[in-house]
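Reader: Please take me on a close look at the ligand site, with the cut-offs spelled out. I'd like to follow it atom by atom.

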Amino acid sequence: MIILGIETSCDETGIALVEAIGGLKNPRFRVLKSLVASQIKIHAPYGGVVPNLAKREHAQNLPILFKGLGNGVSKFDVIAVTVGPGLEPCLWEGINFAQSLAKEPKKPIVAVNHMEGHIVSVFLSGKNIDVQFPALALLVSGGHTELVLIKGWLNYKIIGETLDDAVGEAFDKVARLLGLPYPGGPSLSKLADTLTGHAMSSQIKLPRPMLNSKDLNFSFSGLKTAVLYVLRDNPKINKAALAKEFQNAAVEVLVSKTLKAIEKFKPKTLIVAGGVAANKYLRKELIKTLNARRLPFKTFFPEKSFTGDNAAMIAAAGYFHALKRDFSKPSKLKASGRLSLG
Ligand code: KG4
Ligand code: ZN
């Protein structure tokens, strides 16, 4: 089956063609083409995504990217479009585009949850990824921080989530406080990684919010405020050391809650996905911690090029919907900014 994916939930316009085989038991994917038009330069002067500008860019970019698919343009069986969560004006651009494509010749449409797309992004490496159920996903992005229990494809349950800011949002806000360029996550981690050893950052101590809470929830806004106070009280502080301590604190909480979820739900596979899954220190610490416990399961991360928002992951998620014949009537599609998994 060849699936055309459309992604416009935030500030990246994505169109992709993905070939899928193997069914629900042994799904395998080949990315035929994945095009992403990034809007970083447009939003950078504002230090964050401006919804109306993003909507305008999506409207402009979608037909251009679609043409960019070249010969593959008409050779797809299903259209998969992100319907939420995200910025509603942006989601509607993708939905309208999907509706127009589904008309002539008629093609079926499946509605995809953006976070589900992040989960299945681990399949896009082309390697043999054998996800076994129950699986656990740690989803870390600019809008979400969630632990999701996956009992089977399309069967998701959120077992932990952030009570305030998402971890990517915290990276972005702290980066801004440190005067780093937008988007903040990659620049902050780059600065933090310039420091080796713990000497400098160990002199600064930031809180680990909710580290010892009994549940699997997170909170990152207090951590950001703590950075604000440290900067206010020590204007000459070494910024790389502060960035490193922030990254240490955020990652320590993510790793600890993931471990807690593993102990409680005993999954057979761990998936770590979303923009922040690109963070090298998070990957290193998770693998180190899991190896030390000799836990009997496999951990999968997406390839770096598929950690951020893209349409190939939406197409891949669309495969599962199509297999389960979970089609949507084009006229009934609706953007749902706060759509939740499960
Ligand atoms: O999944 P994503 O591309 O978009 C959303 O669905 O939100 O995630 C974007 C988030 C941003 O907050 C960005 O700063 C963060 O992922 N991010 C990182 C890194 N690369 C991207 N955060 C920490 N370290 C990174 N290397
Ligand atoms: Zn995302």
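**Around ligand 1**

Author: Happy to! A polar side-chain atom of Ser189 lies 3.5 Å from a nitrogen atom of ligand 1. The model is predicted, so local features need pLDDT of at least 70 and side-chain atom pairs pLDDT 80 or more, while totals for chains, interfaces and linings use all residues; side-chain values use heavy atoms, without hydrogens and water. Residues are numbered from 1 along each chain as written, with chains lettered from A and ligands numbered from 1 in written order.

Asn279 places a side-chain N or O atom 2.9 Å from a nitrogen atom of the ligand, and a polar side-chain atom of Asp172 sits 2.6 Å from one of its oxygen atoms. Alone, ligand 1 exposes 550 Å², of which the protein buries 85% (Shrake-Rupley areas, 1.4 Å probe). Helix H4 (114-120), helix H5 (167-177) and helix H6 (184-192) are the elements giving two or more residues to the shell (helices are DSSP runs of H or I, at least four residues; strands are E, at least two). Of the 18 residues around ligand 1, the nearest are His118, Gly142, Asp172, Gly275 and Asn279 (a heavy atom within 4 Å counts as near).

His114 in helix H4 and Asp309, in the loop between strand E10 (298-300) and helix H10 (312-323), are 195 residues apart.

Key:
Polar contact = N/O pair within 3.5 Å; in protein donor to acceptor, adjacent residues only side chain to side chain.
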